[in-house]
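Student: I'd like to learn how to read helices and sheets in a model. Can we work through one together?

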Amino acid sequence: MKRFWSFYLLWLALFLTIVGGRALAVSPPQVGGALPDFDLAVPKDAAEKNYLGLSRGLPLFGKETFKIQQIKADVVILEIFSMYCPHCQAEAPRVNDLYAKIDKNPSLRGKIKIIGIGIGNNVYEVETFKKKYKIPFPLFTDEDFSLHKKFGEVRTPYFIVIRNYPKGSYRIVYSQLGAFGEVDQFLSQVIKLTGIK
Amino acid sequence: MKRYICGFSLFFAVAALSFFNAPTAYSISDVYKGNIYNPGILKPVDSVLKVKIGDVAPDFTLKAVSGETISLKDYRDRKNVVLSFVPAAWTPVCSDQWPGYNIVKDLFDQNDAILLGISVDNLPTLFSWTNHMGVLWFPVLSDFYPHGAVASSLGILRSDGMAERALFIIDKQGIIRYIYVRDINIRPPLDVIIKELEKLKEAS
């Protein structure tokens, strides 16, 4: 009988670890779903801080990190990239173009903001990418892949569009692997999906 | 007996847990789609170096994907040489390593350096793999036959026939000035290479 219980426990342990392990595997954020809980470091650069609207406000006073929902914008476009990823390199000029089109349009400027997270990239690597492609929006590091794990280990580039509402509520309206395609078309899609303007 | 079985079940539980939740410290570019083979977590280092800093680097001649034949001595008195060995084509960390070097040609140029990418894979494999990385500015060499001979001469050929994820920096006099052989599962940071090259330049 003792032997029966020991075997039973052995199989139970195996079953639980396998099933439990699988259940812990994170899937990428879904449209209409929740973002993983994470913080980003407030940029040191004043212009970047300003762009994100993190310069003022009591909730941020003295804090060194922020959440996406705290970015002062109706819409945040998040690009998950890596300096080492050929498609991200190829996509960089197009994302810059998207930034420029938003910046030039008075009805969009300040409403849609773009940030990037460099998966497995350290500060030097993210800076190298930024310099190489003259990227005008803030880039953050995820050197130890901890954010990558929270985002379900997506391949890169991966784009997520978040519609921010007052009081920290939000809705994910776009979550997709790969290049976003033609810039104007993507921008129209973002406007349509988020209902801004 | 009971204690034995309990110990056994604990062992299995831990083994299963670590297998299914193994850390995957790499990213995969979408460029490779579903074509990356994941060997899992490997023994960090599985070889013993045969060279040290200050030694003359053993010369070699290897074929490049471009069709050229390249010898280390071709760069003597002309360029500092960075050898970047990767373990295998079509694996996670390696696939996201050389494409990063591909956007920093200017940093190599500024430091009078050439990069040579080396793998023990054969040329056809290296050809189709590196085609996904865009147009590479540096030669990619095959150390396939005799298998891993160059890797072996440096002491970085693993018992499974792959090379370590290693970096060697060799100055214009052919002297090894820097060696990086650490965890095969982790990509060396880019700044490691650039800082060493800058040091070389300052010293010259």
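Predicted model: local features only at pLDDT ≥ 70, side-chain atom pairs only at ≥ 80, totals over all residues.

Student: Which residues make the contact between α3(A) and α6(A)?

Tutor: On α3(A), look for Arg94(A), Asp97(A), Leu98(A) and Lys101(A); on α6(A), look for Val183(A), Phe186(A) and Leu187(A). In this contact of α3(A) with α6(A), four residues are nonpolar, three are charged and none is polar.

Student: On to sheets. How do strands pair?

Tutor: Strands of a sheet pair through backbone hydrogen bonds, and the pairing is either parallel or antiparallel. In chain A, five strands make an open sheet, in the order β5-β4-β3-β6-β7, with mixed pairing.

Student: Which strands are at the edges of that sheet?

Tutor: β5 (139-142) and β7 (170-177) of chain A, each of which pairs on one side only. Ignoring direction, neighbouring strands of this sheet are turned by 20 degrees against each other on average.

Student: Are β3 and β4 of chain A parallel or antiparallel?

Tutor: Parallel: β3 (residues 75-81) and β4 (residues 112-119) of chain A pair over seven bridges. To find the pair by eye, look at Val75(A), which sits opposite Ile112(A) in β4(A).

Student: Where do our two helices go relative to the strands?

Tutor: α3(A) lies across β3 and β4 of chain A and runs at about 160 degrees to β4(A). α6(A) packs on the sheet too, where it touches β3, β4, β6 (158-164) and β7 of chain A; the direction of α6(A) makes about 40 degrees with that of β6(A).

Student: How many strands are in the open sheet of chain B?

Tutor: Seven, in the order β2-β1-β5-β4-β3-β6-β7, again with mixed pairing. The edges are β2 (69-71) and β7 (176-181) of chain B, and the twist averages 30 degrees from one strand to the next.

Student: Which strands does helix α5 (residues 123-130) of chain B touch?

Tutor: First, a landmark: β4 (residues 113-119) and β5 (residues 140-142) of chain B pair in the parallel sense over three bridges. Helix α5 of chain B packs on the sheet and touches β1 (61-64), β4 and β5 of chain B.

Conventions. Residues numbered from 1 in each chain as written. Chains lettered and ligands numbered in written order. Contact = placed C-beta atoms within 7 Å. Helix = DSSP H or I, 4+ residues; strand = E, 2+ residues; numbered from the N terminus. Nonpolar A, V, L, I, M, F, W, Y, C, P; charged D, E, K, R; others polar. Pairing = 2+ DSSP bridges. Axes fitted to C-alpha atoms, helices over the stretch in contact; angles between N-to-C directions.
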